[in-house]
Amino acid sequence: MKLILASSSPRRAEILSNARLPFSVLSSAADESPCPGEAPAALVQRLANAKADLVTARTVGPAIVLAADTVVVLDDKILGKPSSIEDARHMLQELSGRTHSVMTGVALVRLPDGERRQFIESTLVHFRPITEEELSSYLATEEPYDKAGAYAIQGQAGRYIPRIEGCYFNVVGLPLSRILTELQTLGWSPNSI
């Protein structure tokens, strides 16, 4: 039974590759716009399910489709990818010295029977205060601009994060341990391909 990652995210693919899990990629182009008044948890689960459904419709089993969507949440507000350097600066100033959550909605669909598992993983991320000099230096890198919340824990921003509560890989974009547990309940193992 093959594992198909329904994402073109290089970070998600890297997590699976580094864990030595065999998989293939079939990207999904779901509209990621939030619905009016949609809570962050509802958004990530809806998007993970939509991505899984798009790829499932193009896949012939036996396979398991893995889809995910991750958001950064501060004070019940979603911090997406910054649209400009000023947007990134504002996000990082908001995160500085505070704790926020990173939520990932995950959907797994086994084919050909359509058995589905879904869940939301949440991790608390503690930022230490970031000085203006550190902020300017970080903004001069390419790192903040294609990341939700304008930072990458696995990159240079890791120096501003003294601790997290929960799954590190969830902050990167894929809660690896929980996914492996759910894959096993669906009958998948690295040797089943």
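**A strand residue, some rings and a helix**

Let me begin with Thr-123, which is placed in strand E6, residues 115-126. Please bear in mind throughout that this is a predicted model. Is Thr-123 buried or exposed? Its relative accessibility is 0%, and because buried means under 20%, Thr-123 counts as buried.

I turn now to the aromatic residues. How many aromatic pairs does the structure hold? There are 3, and I shall describe two of them. In one, the ring centres of Phe-127 and Tyr-151 are 5.0 Å apart and the planes stand at 80 degrees, so this pair is edge-to-face. Phe-127 belongs to the loop between E6 and helix H4 (132-139), while Tyr-151 belongs to the loop between H4 and strand E7 (163-165); the pair therefore ties together parts that are 24 residues apart in sequence. Both partners count as buried, Phe-127 at 4% relative accessibility and Tyr-151 at 5%.

Another pair joins Tyr-168 and Phe-169, whose ring centres are 5.3 Å apart with planes at 75 degrees, so that this pair is edge-to-face as well. Here the residues are partly exposed: Tyr-168 has a relative accessible area of 34%, and Phe-169 has a relative accessibility of 35%.

A ring also takes part in a contact with a charge. The charged end of Arg-178 sits over the ring of Phe-119, at 4.0 Å from the ring centre.

Finally, I come to helix H1, residues 10-18. Which residues of H1 are buried? They are Arg-11, Arg-12, Ala-13, Ile-15 and Leu-16. As background, an α-helix has 3.6 residues a turn, so residues three or four places apart point the same way.

At the start of H1, a side-chain oxygen of Ser-9 comes within 3.3 Å of the backbone nitrogen of Arg-11. After H1 comes Arg-20, which has a positive phi, near 60 degrees.

Thank you for your attention.

Conventions:
Residues are numbered from 1 along each chain as its sequence is written. This is a predicted model: local features need pLDDT of at least 70, side-chain atom pairs count only at pLDDT 80 or more; totals for chains, interfaces and linings use all residues. Side-chain values use heavy atoms; hydrogens and water are left out. Buried means under 20% relative accessible area, exposed over 50%, partly exposed in between (1.4 Å probe, protein chains only). Helices (H or I, at least four residues) and strands (E, at least two) are DSSP runs, numbered from the N terminus. A polar contact is a pair of N or O atoms within 3.5 Å; within protein, one must be able to donate a hydrogen and the other to accept it, and residues adjacent in sequence count only if both atoms are side-chain atoms. Rings of Phe, Tyr and Trp (its six-membered ring) pair if their centres lie within 6.5 Å; planes under 30 degrees apart count as stacked, over 60 as edge-to-face and the rest as tilted. A charge sits over a ring if NZ of Lys or CZ of Arg is within 6 Å of the ring centre and within 35 degrees of the ring normal.
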